[in-house]
Structures are given as C-alpha cells and as structure tokens.
Amino acid sequence: MSQLPVPPNAASPAGSGNATCSGVTIAYAGAETGPNAQLGINILNGVQLAINEHNQANKNCQVALKKFDTEGDPGKAPGVVTQLVSESDIIGVIGLPFSGESKATGGTFQQANLVHITPSATNPALTKNGWSTFFRALGNDAVQGPAAAKFIVDKLKANKVCVVQDDSDYGIGLATAANQALGDKAKDCQDKVTTGQKDFSATVSKIMNAKPDAVFYSGYYAEGAPLDQQLVNKGFTGKFVAPDGVKDDKFLQLAGDASGNAYFTCPCVPGELLQKFSDAYKGVSGGQAPGTYSLEGYDATTILLKGIDSGIKDRAGLTNYVKNYDGDGFSKHFKWDATGELATSTVYGYKVDHGKIVYVGTIS
C-alpha cells in the first residue's frame, strides 16, 4: 500500500518538550458506546495518542484527558455536556463526533465560552448558529455531497441513482447536498429510513423496482450495513455508495460478504497511509489500524495542546488561540473562517477490496 506524504511543517503533539503547565484538562465528548460507537472510538484513540505523546515529551506540562460518553445520542448529549462544562479545569474539548448531538449542545459550549473542535460532524448548518466556540476540522456536507455525486457519476459511471437517507441531521443534510448535485439522475428514486431500523424490505423493493446503477446511502453504518446486505440478498448488482458515517470496519463486519459492492466518500485523510502515525496509533488501539477520523482527532488535539504549551490556562484564551490558528497538521492545513469552517478542504474516495476498505484517491 502506497504511503501519503506528511507535510514538512506538520505540528507534533510533543512540541518543543519545554512546556510548563499545571491543572489543565482537555476533554473528549462523544460516543464510546452505542450503535455507532466505533466512529467515536476512532477519534478518541487519536486524542489519546496526542495526549500521550505530549505528556511523554513535556515532563513539566502534564495535560489531563477526561472522557464523556454521549453514546452519539442527541437526546443524551445535552446532559453530558452540561456536566462537562461545569468542570472548570477543562479548557478545550474534542467533539462532538455527530451532527445531531453537536446541534443539541453547541449553545451550552457557547455559554461556557469553551472551545470545541469536531473531527467529524459535517452538517453545514452547524456553523450558521453564530457560535464562536465551534470549529470543524474537516469539510462539511456542502463539500462532500457534490463530491459524492461526482464520484458516483464520473468514477462509477452511474446514470440512475437511488438516494436513501436516515432521519439524523447528518443524513438529511448530506442527502440534500448530494441530491442537488445529482439532479435528474436521482429525482425518480428517493427513500427514507429511521435510526434503529432493522427491516429494510420496503426500501429494498423500491430500489429493485427502480433498477438503479448505484444506491447512495446517507446515514451511519448501523443501518447502512443491513440495508446493503438486504439489497444484495435480493439480487441487487449495482454499487452501494456511502459517506464517512458508514466508512468503518464495523460496516464490513455487519454487512458481511455483501459489503464487496461498497464505495465510500469521506473528507478524512486515511491515517493508515501515514506509516509513523499508523504505527503509533496501534499502540493505543490494541493493534487496530487508524479508522475514519482518527487522524483528525489527533490533529485537533495537537492544536489545543499547542495553545496550552504557549502558556494559555483559561477557556477564553484557548478559544482565541484556535480562532487565529494557521498551520499544517498531519491531515491538512488548519485555518478557520469566522464561522468555524476550514478555509480549504478535500474529499477522498475509498472502496471495499477483498474485505478491506482501501483508498482510491482524491475526489475533490
């Protein structure tokens, strides 16, 4: 497998090794359990690796990490975040991974003036709430949606596409963006599913009758996997295309052999193709290779650590530091506009090949 280059000036969590600090904490808030927990665990492992590398290199600046499990649930996340912001030693947060829980908690972070960088929440509307503490470490679905459409039409040569969306803020926003870009190729085949759904027979029947070249599923792997499996079991021979919320080895496990028809889009850099990072990551993940957004979690944590190393001890100072940040990480260049969106972003393509998710190149 070919390796990707690391930017020569990429920031390292270790920094200079000369930092001094005390009593400061970074928090991870997001899914550690729940139906789509692996997407959060991928991020948490990246966060943990950055903290470990920093603390090993800076004996006079030991930054603590606190973990808050939201289960990825927008109904449960507000209570969890209310507890988090009440702990005064926490001056920066990595999370939340999902768009629904981010929408439900952004106001709480804003009131507490507590900076939070999401490595994975992609609903475009999240940066339209006037929050000055919310920053997104990746391109949003206004970028990913058109890129997915381009991938489906230009790379996979699909002339007819069925778009299936779940009922999450993420799924709805991404499907809207993808449909706008697909235009007439998708206008005659649309369907909706719900979080927690297991039986997709009605949707499968609709798709089989439409005879599309490809299905674009806008949601998460917990529902995407059984949908793909049920499609293939009914004789579907087209391509199954899904976004970052489905791009995980858990999808392969849940869908089984049916996953061989799957392709993915993701505004995430494949961390497994950065050898040094991948090797170090396996030390905190029990030997597992980096997953979707592991590298973004690592880079986002590095930015908060650099702020702490510069002498910042409070929430207002760290929020201001991130707002003015301009530098390379391992995954991309980080510089945000006034709303918390990155100035530039890239979307990448992946496919399932012999039971593994493999990188196929840049889409846009």
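**Before you start**

The model is predicted, and local features need pLDDT of at least 70, side-chain atom pairs count only at pLDDT 80 or more, while totals for chains, interfaces and linings use all residues. Residues are numbered from 1 along each chain as its sequence is written, and side-chain values use heavy atoms, with hydrogens and water left out. Helices (H or I, at least four residues) and strands (E, at least two) are DSSP runs, numbered from the N terminus.

**Stop 1: the disulfides**

A disulfide is a covalent bond between the sulfur atoms of two cysteines. With a disulfide taken as a pair of cysteine sulfur atoms within 2.5 Å, the count comes to three. When the bonded cysteines are counted along the protein chain, the pattern of links is 1-2, 3-4, 5-6.

Select C21 and C61, which are joined by a disulfide with an S to S distance of 2.0 Å. C21 lies in the segment before strand 1 (25-30) and C61 in the loop between helix 1 (37-57) and strand 2 (64-69), so this pair ties together parts that are 40 residues apart in sequence. The link of C21 and C61 is right-handed, with 95° about the S-S bond. C61 has a relative accessible area of 0% and is buried, where buried means under 20% relative accessible area, exposed over 50%, and partly exposed in between (1.4 Å probe, protein chains only).

Next, select C162 and C189, whose sulfur atoms are joined at 1.9 Å. Because C162 lies in strand 6 (residues 161-165) and C189 in the loop between helix 5 (169-182) and strand 7 (190-192), the pair ties together parts that are 27 residues apart in sequence. This link of C162 and C189 is right-handed, with 90° about the S-S bond, and both C162 and C189 are buried.

Then move to C266 and C268, where the S to S distance is 2.0 Å. The torsion about the S-S bond of C266 and C268 is about 130°, so this disulfide is right-handed. C266 counts as buried at 0% relative accessibility, and C268 counts as buried at 1%.

**Stop 2: the salt bridges**

Side chains of opposite charge can pair when their charged atoms come close. Here a salt bridge is a side-chain nitrogen of Lys or Arg within 4 Å of a carboxyl oxygen of Asp or Glu, and the structure holds nine salt bridges.

Select K66 and E87, whose closest N and O atoms are 2.6 Å apart. K66 is partly exposed, with a relative accessible area of 27%.

R136 is in strand 5 (residues 134-136) and E341 is in the loop between strand 12 (333-335) and strand 13 (348-353), so the pair links distant parts of the chain, 205 residues apart. E341 is buried too, with a relative accessible area of 10%.

Now select K335 and D326, a salt bridge whose closest N and O atoms are 3.9 Å apart. K335 is partly exposed at a relative accessible area of 39%, and D326 is partly exposed at 46%.

**Stop 3: two packed helices**

Select helix 10 (residues 294-309) and helix 11 (residues 315-323), which pack at an angle of about 120°, with their axes 10 Å apart. Residues I303, L304, K306, G307 and I308 in helix 10 meet L318, Y321 and V322 in helix 11, where contact means heavy atoms within 4.5 Å.

**Stop 4**

Most residues other than glycine have a negative phi, and most peptide bonds are trans. Select G95 and L96, where the peptide bond is cis, with omega near -5°; L96 lies in the loop between strand 3 and helix 3 (99-111).

Finish with Y293, which has a positive phi of about 75° although it is not a glycine, and which is buried, with a relative accessible area of 2%.

Terms used:
Axes are lines fitted to C-alpha atoms, for helices over the stretch in contact, and angles run from 0 to 180 degrees between N-to-C directions.
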